[in-house]
Amino acid sequence: MADTRIPGCELCEQDGGILLARTDKLRVIRAVDADHPAFYRVIWNDHVAEWTDLVPAERSHLMQTVAKVETVLREALKPTKINLASLGNMVPHLHWHVIARYDWDARWPAPIWATKQREVTDAEARLAVPLAQLDQAVAAAVLSSAS
């Protein structure tokens with residue numbers, strides 16, 4: 001696939017969050033979200049809207065990266081659940097959300113986009129490891145066998 005960027009597409013023009021790792025095919029960022037501090041996105045670099053816009057090898061590569069991020073979050077944080085989502089309704093650029101969820105978080109058990117169930121002012125402090133350490137582990141996992 002040729003290098004494809006679309007003017008006006010938020011994820012073509014910006015990293016989409018705090019950039020942790022970039023390869024020729026994709027990048028991994030951490031979203032800044034005080035209620036859900038361990039919220040990561042795996043973003044395909046080229047502008048494609050749908051999963052099936054990728055050839056099978058690219059789909060496999062993308063999902064292997066999603067699995068690496070999920071594995072780091074599960075091992076480092078021991079969350080109640082990991083949420084995976086690829087919606088793209090607001091930004092039709094292929095990306096996956098990988099979000100560590102806890103039974104104490106602001107919206108549990110609802111999706112992170114739902115109305116808050118409670119106020120949680122110390123979500124980041126409740127994580128088992130500091131975000132900087134978690135970010136390093138995510139980046140190392142993604143770049144360990146990047147292609």
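Analyst: Buried means under 20% relative accessible area, exposed means over 50%, and partly exposed is in between, with a 1.4 Å probe and protein chains only. This is a predicted model, where local features need pLDDT of at least 70, side-chain atom pairs count only at pLDDT 80 or more, and totals for chains, interfaces and linings use all residues. Residues are numbered from 1 along each chain as its sequence is written, and side-chain values use heavy atoms, with hydrogens and water left out.

User: Ok. Is tryptophan 104 buried or exposed?

Analyst: Tryptophan 104 is buried, at a relative accessible area of 18%.

User: How many aromatic pairs are there?

Analyst: There are 2 aromatic pairs. Rings of Phe, Tyr and Trp (its six-membered ring) pair if their centres lie within 6.5 Å; planes under 30 degrees apart are stacked, over 60 edge-to-face, and the rest tilted. Tryptophan 51 and tryptophan 96 make an edge-to-face pair, with 6.0 Å centre to centre and 80 degrees between the planes.

User: Where do tryptophan 51 and tryptophan 96 lie?

Analyst: Tryptophan 51 is in the loop between strand E3 (39-44) and helix H2 (56-77), and tryptophan 96 is in strand E5 (residues 95-101), so the pair ties together parts that are 45 residues apart in sequence. Helices (H or I, at least four residues) and strands (E, at least two) are DSSP runs, numbered from the N terminus. Tryptophan 51 is partly exposed at 29% relative accessibility, while tryptophan 96 is buried at 16%.

User: And what about the rings of tyrosine 102 and tryptophan 104?

Analyst: Their centres are 4.7 Å apart and their planes are at 15 degrees, so the pair of tyrosine 102 and tryptophan 104 is stacked. Tyrosine 102 is buried, at 8% relative accessibility.

User: Switching topic. Which residues line the largest cavity?

Analyst: The lining is Asp35, His36, Pro37, Ala38, Ala100, Tyr102, Trp104, Asp105 and Leu127. Both rings of the stacked pair therefore belong to residues in that lining. On a 1 Å grid over the protein atoms alone, a cavity is a set of points where a 1.4 Å probe fits but cannot get out, and a pocket is an open set with protein on both sides within 12 Å along at least five of seven lines; lining residues have an atom within 4 Å of a point.

User: What volume does the largest cavity have?

Analyst: About 30 Å³, and the structure holds 1 cavity of 30 Å³ or more. Grid points are joined across faces, edges and corners, and a volume is the space filled by probe spheres set on the points.

User: What does alanine 123 touch?

Analyst: Leaving out residues up to four places away in sequence, alanine 123 touches Ala34, Asp35, Pro37 and Trp104; contact means heavy atoms within 4.5 Å. Alanine 123 lies in helix H3 (residues 123-126) and is buried, with a relative accessible area of 2%.

User: Now the largest pocket. Which residues lie nearest its centre?

Analyst: Arg41, Met90, His95, His97 and Trp113, out of 14 lining residues. The largest pocket has a volume of about 280 Å³. Helix H1 (10-13), E3 and E5 each supply at least two residues of its lining.

User: Last one: what does threonine 65 touch?

Analyst: Threonine 65 touches Leu26, Val28, Val42 and Val142, again not counting residues up to four places away in sequence. Threonine 65 lies in helix H2 and is buried, with a relative accessible area of 5%.
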